[in-house]
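Let's take a look at the disulfides in this one. Have the sequence and the 3D view open side by side as you read.

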Amino acid sequence: MVQKPRTAVARLIAIGAGLFLLGAAAGACSSGGATPASVATPTKIQAPLGAEAGIRAQTGSDQGSSPRPSPIAGGQLTPAPGSPPVCGESELRLDAGPMTAAASAERQGFVVILTDISDRPCSLIGYPAVVALNSEGRQERPAARSEGGSLFRVSPPGTVVLQPQHSASFGVEWTAVRAADKSGEKDACLPYASFVITPPNQGGGQHIDRQTTICDAFQVHPVVTGTTGARAH
């Protein structure tokens, strides 16, 4: 009879301990167990503003569909379909005309004549390359390609077909006098002793002795039919 209360108490203690352990296990699962947030769907990172447009620009999807041929070194362009082959270096004779100038002498220049000395027709198109040399023979100043000039009336490049012993031409011009600006100062006008002239689609240039002074607006124009360096009216 004396042991029954002790047995009952022991049972109560065992039941309490079991409940405590179950509660602790449940708490551990709720606080440090599986973590659903850590495996949630990743957040999508948006590209910076304008990146998509930049990609389209690089791939050409926003560019024009009909690009215009552009001059490259030596003024090389492709002749019109059906034209004779491009004039070879050995098929052309290059002659530089005399100096010409505007009435005010502010603009000076000269015409370069290209003659087909072969026995077959050939084509020219585009801009020649012209470089001014100093007295020591160093190439110092290249002429800028220009469709418009003061001494020579020109227009965009076109195919010029040369028959044997016929000629085409182009103009070269520059500003030789620079008026003082509002401050009374003048831009540098430098002397040059000669030019190196390379026809379109040619690899080698020809040296032309021609002493002059160039201030600015040093230009070369496209090849045209005839010997005046200007487009016919």
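## Cys87 and Cys122

In this predicted model, the S-S bond of Cys87 and Cys122 has a torsion of about 85°, so this disulfide is right-handed. Its two sulfurs sit 2.1 Å from each other.

Where do the two cysteines lie? Cys87 is in the loop between helix H2 (51-59) and strand E1 (92-96), while Cys122 belongs to strand E4 (residues 122-124), so the bond ties together parts that are 35 residues apart in sequence. As for solvent, Cys87 is buried at 2% relative accessibility, and Cys122 is buried too, at 0%.

## Cys189 and Cys215

Next up is the bond joining Cys189 to Cys215, with an S to S distance of 2.0 Å. The torsion about the S-S bond is about 110° here, so this disulfide is right-handed. It connects distant parts of the chain, 26 residues apart: Cys189 comes from the loop between strand E9 (167-175) and strand E10 (190-198), and Cys215 from the loop between strand E11 (206-214) and strand E12 (216-220).

Are these cysteines buried or exposed? Cys189 is partly exposed, because its relative accessible area is 30% and the buried class stops under 20%. Cys215, at 5%, is buried.

## The overall pattern

How many disulfides does the structure hold? There are two. Count the bonded cysteines along the protein chain and the pairing reads 1-2, 3-4.

How values were computed
Residues are numbered from 1 along each chain as its sequence is written. This is a predicted model: local features need pLDDT of at least 70, side-chain atom pairs count only at pLDDT 80 or more; totals for chains, interfaces and linings use all residues. Side-chain values use heavy atoms; hydrogens and water are left out. A disulfide is a pair of cysteine sulfur atoms within 2.5 Å. Helices (H or I, at least four residues) and strands (E, at least two) are DSSP runs, numbered from the N terminus. Buried means under 20% relative accessible area, exposed over 50%, partly exposed in between (1.4 Å probe, protein chains only).
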